Amino acid sequence: MKILIATPEATPYVKTGGLADVTGALLKEYTRMNHQPSLVLPLYRQIREHFKLADTGQRVNVPIGNRRAACRILSHGPFVYFLECDEFFDRDGLYGTPGGDYPDNAARFIFFARAALEACIALRLEPDVIHCNDWQTGLIPLYMRTLYRGGLFSKTVTLMTIHNLGYQGLFDVSYLPLTGLSAEWFNPEGIEFYGKINFLKAGLIASDVITTVSNTYAKEILTPEYGYGLDGLLRKRASVIHGIINGIDTDAWDPLRDTSIPATYGASELSGKRVCKNELMKECSLSAHNRNIPLLSFVGRLSAQKGLDIFIEAADDIMATGINVIILGKGDEEIQNNILSFARKHRGTLFVKIGYDEAFAHWVYAGSDLLLMPSRYEPCGLGQLIAMRYGTIPVARRTGGLQDTIADYEPLRGSGTGFLFDDYRASSLKDCLGRALCAYMDNRRWKKIISGAMAQDFSWERSAREYVTLYTDAINRKKG
Ligand code: ADP
């Protein structure tokens, strides 16, 4: 099957979140499964700086409003295409600066959506399916039903994956002419959303299949609480919505072979994990590095979604239990400042690193005892999957993919791979952490939890097969 993955991010080229892991992993998995996958991405500055790209010799002129933007198509290996348009993508950031989003994001991703289809035509890719990811690619399915209807795409189906409904690509209606779509689309049945244009909505109304990244999140987004204003539309399209859980790249995340950590280890021999913890605590100047005090860590975007506000609310009590904490993250300035001021108060027991640091993240996953994920909502979450693979036990809110991948510990049966809490409240988080610390004190129990977590299978194989089944069903439906 010819599968084109259109995405704003993919590992190893460019990543700000889990979406990049998913698209990068799917490309690998489909290649292994002998499909013919390809990936199309904008050529951001950081990709040009780190990868040697080849010129395909193909150029396309992409319509944007009443002008055309020149686009060169570059490639890396046989399957990965980059769309070059320096006016839009030769910048420091992907979507903006620390001060906010780029003001021309609408034009940038109108360009990307159209350029992806133009590139398909120029390269004669003739995909059976175009798999779109998040709002940045949301216009593609709608273009295929309108401006690019028939022709090369007459047999192509589209699948739209929602990685996070909190980000929809909302823009002022004045950008509508740039899309090339007729004004008729600007209505509540179309791409209008409370007076704005909504790029993700374009994908949701026009794609053949919609997926999101866990079964629980697929149900949650149908409710006003999690639907971000799109729950009505999603309920109408419920029959084509599916949840497919993300996997992780088990080659890149492997405690037995990881070169970013001070010592490797496996489930049967955890001494390497102790070395990782000791070294990590020294590195972070955590004073109790030679004592067996639990180490709780957070790795992730510092955004309201990730629930650090209830951690901060509970933090004085949590620190009073005597545990050590590491926070690695980047994002919202206010959250960042709150955490930093808290770290000053708890020097020696709470370490904060602001920034995006892949190698350090490996070390934190390996060297910690517990991973904190008190998310308000979590479409899938990769942190808990990585943590479990490294024998680090998640303390998480029972929502979305966290609920689907973590089995709450039951002391009577001695079963479970983590600790879950329901209510989004500081007191619930504290109680949950209390249960985890209690289990931690019992060495035998703790080892059993670790080996259960490490034995989980989070590889991509099954999920990739589920996507292919959805593509196949949609292709067959279209053939009629
Ligand atoms: P989201 O996509 O909402 O950001 P996920 O849990 O799905 O969250 O994926 C986040 C991914 O990004 C994980 O692989 C995590 O390890 C990584 N990550 C997030 N923040 C950082 C950071 N500051 N440094 C290194 N890796 C990070």
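Analyst: Ser75 lies in strand 4, which spans residues 67-76; strands are DSSP runs of E with at least two residues, helices are runs of H or I with at least four, and both are numbered from the N terminus. The model is predicted, so local features need pLDDT of at least 70 and side-chain atom pairs count only at pLDDT 80 or more, while totals for chains, interfaces and linings use all residues. Residues are numbered from 1 along each chain as its sequence is written, and side-chain values use heavy atoms, with hydrogens and water left out.

Is Ser75 buried or exposed? Ser75 counts as buried because its relative accessibility is 11%, where buried means under 20% relative accessible area, exposed means over 50%, and partly exposed covers what lies in between, with a 1.4 Å probe and protein chains only. Leaving out residues up to four places away in sequence, Ser75 touches Leu53, Ala54, Thr56, Val80 and Tyr81, a contact being heavy atoms within 4.5 Å.

Another buried residue is Tyr467, found in helix 18, with a relative accessibility of 0%. Apart from its neighbours within four places in sequence, Tyr467 is in contact with Leu26, Tyr30, His131, Leu159, Thr161, Thr211, Val213, Ile244 and Trp460.

Glu466 counts as partly exposed at 32% relative accessibility, whereas Arg462 counts as exposed at 54%.

Side chains of opposite charge can pair when their charged atoms come close. A search of the whole structure finds 33 salt bridges, one of them between Arg145 and Asp208, whose closest N and O atoms are 3.3 Å apart. That pair links distant parts of the chain, since Arg145 belongs to helix 5 (residues 139-145) and Asp208 to the loop between helix 7 (199-206) and strand 13 (209-212), 63 residues apart. Arg145 itself counts as partly exposed, at 41% relative accessibility. Asp251 and Arg257 form a further salt bridge, at 3.4 Å from N to O; Asp251 is partly exposed at 45%, and Arg257 is exposed at 52%. Arg48, Asp55, Arg59, Arg72, Glu84 and Asp86 are linked in a network of salt bridges.

Turning to the whole, the protein chain has 18 helices and 20 strands, and 57% of its 480 residues count as buried. Its radius of gyration of 23 Å agrees with the value near 23 Å for a compact globule of 480 residues, the radius being taken over C-alpha atoms and the globule rule being 2.2 Å times the number of residues to the power 0.38. The C-alpha atoms fill a box of roughly 65 × 45 × 45 Å along the principal axes. Among contacts with a separation of 6 or more, 70% come from residues 24 or more positions apart.

Notes:
A salt bridge is a side-chain nitrogen of Lys or Arg within 4 Å of a carboxyl oxygen of Asp or Glu.
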